[in-house]
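This report covers helix geometry, helix packing and salt bridges. The model it describes is predicted.

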Amino acid sequence: MGHHHHHHGHTHGHSHTGNKNALFSSFCLILVFMVVEVIGGIVTNSLALLSDAGHMLSDAASLGLSFFALKLGEREVSLNKTYGYKRFEIIAAAINGLLLIVVALYIFYEAANRFFAPPEVQSKGMLLISTIGLIVNIVAAAILMKGDKEENLNVRSAFLHVLGDLLGSVGAIAAALFILFFGWELADPIASVIVAVLVLISGCRVMKESNQILMEGAPSQMDMKGIKKALCNIPMVKGVHDLHVWTITSGYPVLSCHITIENEAVHDDVLLLSQKVLHDQFDIEHSTIQVEKAANGCPSPHGTCN
């Protein structure tokens, strides 16, 4: 019987710093403009602006939470917290997703009231503020694009917040133009409903992804059958069982399994080859593999390679 622990490589230090800087810069930018938009929304009486400001508030909370999660994730591993605080990033992403859904539902509620009694909106002020908002969101989105949004769920959820916000600003600009040129007050709640739908979709997507990680589900991009087949193809391997792949935090997949080998096989050779296959073919750097001889290993009818 053998047991080996292959440690996770710290190759993503540079992208981690980039993620932190991107989140903090965006947070400052969004927070300042949110205050401007709240004041503007109240002065111009525009729901499209206020719903955008509400979305920006959740943006600021999201970016702040994401930044805090990355900072917390840097804390050292301890005997009590064997993976450190990296999982908090996923909890933060889940809270962000929930925030998005709550904001979307509130916008729907407010818009429904305005459909029946559209109030007068100061379209020129609304147009000016939403145009500035669009510029601010483009800058924030560009900053977050530099982060590692493909790998890091936290950065991606923050990017989706800002993207929804950017579309919110476009909606507010369109509504302001309709009111300005055609006096069509209903454009305001219609624009806010379109924004709410986009926000709701983003929120559900982030919630689904973070829930998959929190429930220790296999990462969606991992081919579990392919992993088992690749391990079975290693010479002298008779079976693979108790195969588990889960994610600690974004871009940090972990695997554990038992491998049954022929009695004449060399334990360490199979172990090293298994790790090489997992690393090279599936990008799994952190694996715990128990290798056991077929004669005295734990028998499992589901673990054979046939």
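K276 and D280 form a salt bridge through their side chains, with N and O 2.7 Å apart. Both residues belong to helix α8 (residues 267-282), where they are four residues apart, about one turn of the helix. D280 has a relative accessible area of 45% and is therefore partly exposed.

R114 and D188 are both buried.

## Packing of α3 against α6

The axes of helix α3 (residues 88-116) and helix α6 (residues 187-214) cross at roughly 155 degrees and come within 7 Å. Because angles over 145 degrees count as roughly antiparallel, α3 is roughly antiparallel to α6. Their crossing is left-handed. In the contact of α3 with α6, 24 residues are nonpolar, five are polar and two are charged.

## Helix α4

Helix α4 (residues 123-145) has 23 residues, which should span 33 Å at 1.5 Å a residue; the C-alpha atoms at its ends are 32 Å apart, in agreement with that value.

The buried residues of α4 include S123, M126, I129, S130 and G133. Further along α4, L134, V136, N137, A140, A141 and L144 are also buried.

Key: Residues are numbered from 1 along each chain as its sequence is written. This is a predicted model: local features need pLDDT of at least 70, side-chain atom pairs count only at pLDDT 80 or more; totals for chains, interfaces and linings use all residues. Side-chain values use heavy atoms; hydrogens and water are left out. Axes are lines fitted to C-alpha atoms, for helices over the stretch in contact, and angles run from 0 to 180 degrees between N-to-C directions. Helices (H or I, at least four residues) and strands (E, at least two) are DSSP runs, numbered from the N terminus. Angles under 35 degrees count as roughly parallel, over 145 as roughly antiparallel, 65 to 115 as roughly perpendicular and the rest as oblique. A crossing is left-handed if the near helix is turned anticlockwise from the far one by less than a right angle, and right-handed if clockwise. Ala, Val, Leu, Ile, Met, Phe, Trp, Tyr, Cys and Pro count as nonpolar, Asp, Glu, Lys and Arg as charged, and the others, Gly among them, as polar. The expected span of a helix is 1.5 Å times one less than its number of residues. Buried means under 20% relative accessible area, exposed over 50%, partly exposed in between (1.4 Å probe, protein chains only). A salt bridge is a side-chain nitrogen of Lys or Arg within 4 Å of a carboxyl oxygen of Asp or Glu.
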